[in-house]
Amino acid sequence: MTRGIQRFLVVLVALLTTLTAWGQVSFKVDAPALTALGQPFRVEFSVDAEPERNSFKAPDFEGFEVLAGPSVSTGHSVQFVNGRKSASNSCTYTYVLMPTEVGKYTIGAATITVDDKRYTTEPRAIEVIAEKQSERPAQGGKAKDKTSAESRISKDDILLRLKVSDTDVYKGEAIRASLVLYTRVNIADVADINIPAFDGFWSQELSFDNTASREEYNGRIYETHKITEMLLSPQQSGRITIPAASMSVRTPVEVQGSRGFDPFFGGRQIHYVTKELKSAPVTIAVHEFPEGAPRSFKGAVGDFRISSRMPSAVIESNSADQFEITISGSGNLKFITAPKLSLPDSFELYDTKIVDNIKASASGITGSITYTYPFVARSAGEFAVSPIEFSFFN
């Protein structure tokens, strides 16, 4: 399992649990991104502190009928660690809403006051769709409840996409590939994550911001979670296909029990539905370099600069000195070869020393490489050294 996947799993758990740093107050809203017309759902506003009395103010629930709420629940816990006492408080305000029309709506910001400081939640987008008859809860035994739960998760509710920054590039040109989970339902856990091998590419895993975000795709609003992000550089020309990635997810679905719907507790049953996901294969068209490149071109692709530090103009015979060449910029620095240095026959050239300072990020590879050419001048006289030439394609 790669580090990127481990980071994603940690964030997925963090989405389900409030993690609060010392001295900070978290005030959040929890509501589904998708619901069906005529289907009641819950909206919870939770704060991990003790709010001031009567300071909570709910937003306008435009487009929804309020069936119940607010139901207020509070929590208080005390811990003793190494003889030290610590206490924590929490408060949750729960509403049960019923959609009144199909469409896209936004639940506005709620406000609350803690220790004379005002906090607000982020607005929450909710899409209301027309529920199909086959998606309505089945009544009866466990088998019907399971079927009902599975029918509530459509094939478009959870997607796995491999997104690339470009599909038409030259050999050696870097692109960014991101494996992203799109969901319109809650995710309990993930398993069996399979990342493609990226054959035909040089690849490097990137660090990335793994905070969940919201994105509109095919006219629908999804919550997105980045699983991994790679920097790819094609090493051959032609059409290269990146195979499908795959994973399985388990999502909790609330179904109506035999006692009917109770806005808070009665009659609710939770079933877990497992979905196997696959991303679509992605094909990259890779072009060969144009004809007519200079002889000094060795496959460097990007935007570079060259600088040098020359040896002394006058040196003693049989003494040592060195040429130093630095190539800096952005591009496929990891594949650049040392520029050729031609010295007179009476100069004894030793092995080239290479020091690099290269950083890979979502925008590509940047940095510098310094080549040091040590030599010994064996004979006295005046000598001319040919220019050092470095060519690159941008």
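Okay, let's start with a term: two strands pair if DSSP finds at least two bridges between them. Strands themselves are DSSP runs of E with at least two residues, helices are runs of H or I with at least four, and both are numbered from the N terminus.

Before we look around, some housekeeping. This is a predicted model, where local features need pLDDT of at least 70 and side-chain atom pairs count only at pLDDT 80 or more, while totals for chains, interfaces and linings use all residues. Residues are numbered from 1 along each chain as its sequence is written, and side-chain values use heavy atoms, with hydrogens and water left out.

So, the overall picture. We've got 2 helices and 26 strands here. The protein has 394 residues, and 41% of them count as buried; that's under 20% relative accessible area, with exposed being over 50% and partly exposed in between, using a 1.4 Å probe and protein chains only. Now contacts, meaning heavy atoms within 4.5 Å. Take those between residues at least 6 apart in sequence: 73% of them join residues at least 24 apart.

Let's zoom in on strand β1, residues 27–30. F27 and V29 sit on its covered face, and K28 and D30 are on the uncovered one. What does β1 join up with? Strand β3, residues 41–47, through 4 bridges, and the two run antiparallel. One of the partners to look for is S46 in β3, which bridges to K28.

Next stop, V114, in strand β7, which covers residues 111–114. Is V114 buried or exposed? It counts as buried, because its relative accessibility is 3%. Who's around it? If you skip the neighbours within four places in sequence, V114 touches V25, V47, A49, E50, P51, E52 and Y119. And then there's D48: 66 residues away from V114 in sequence, with 10.0 Å between the C-alphas.

Three strands make an open sheet, in the order β11-β20-β17, with mixed pairing. At the edges are β11 (168–170) and β17 (238–242), each pairing on one side only. From one strand to the next, the twist averages 30°, where axes are lines fitted to C-alpha atoms, for helices over the stretch in contact, and angles run from 0 to 180 degrees between N-to-C directions. β17 is joined by 5 bridges to β20, residues 282–287, and that pair is antiparallel.
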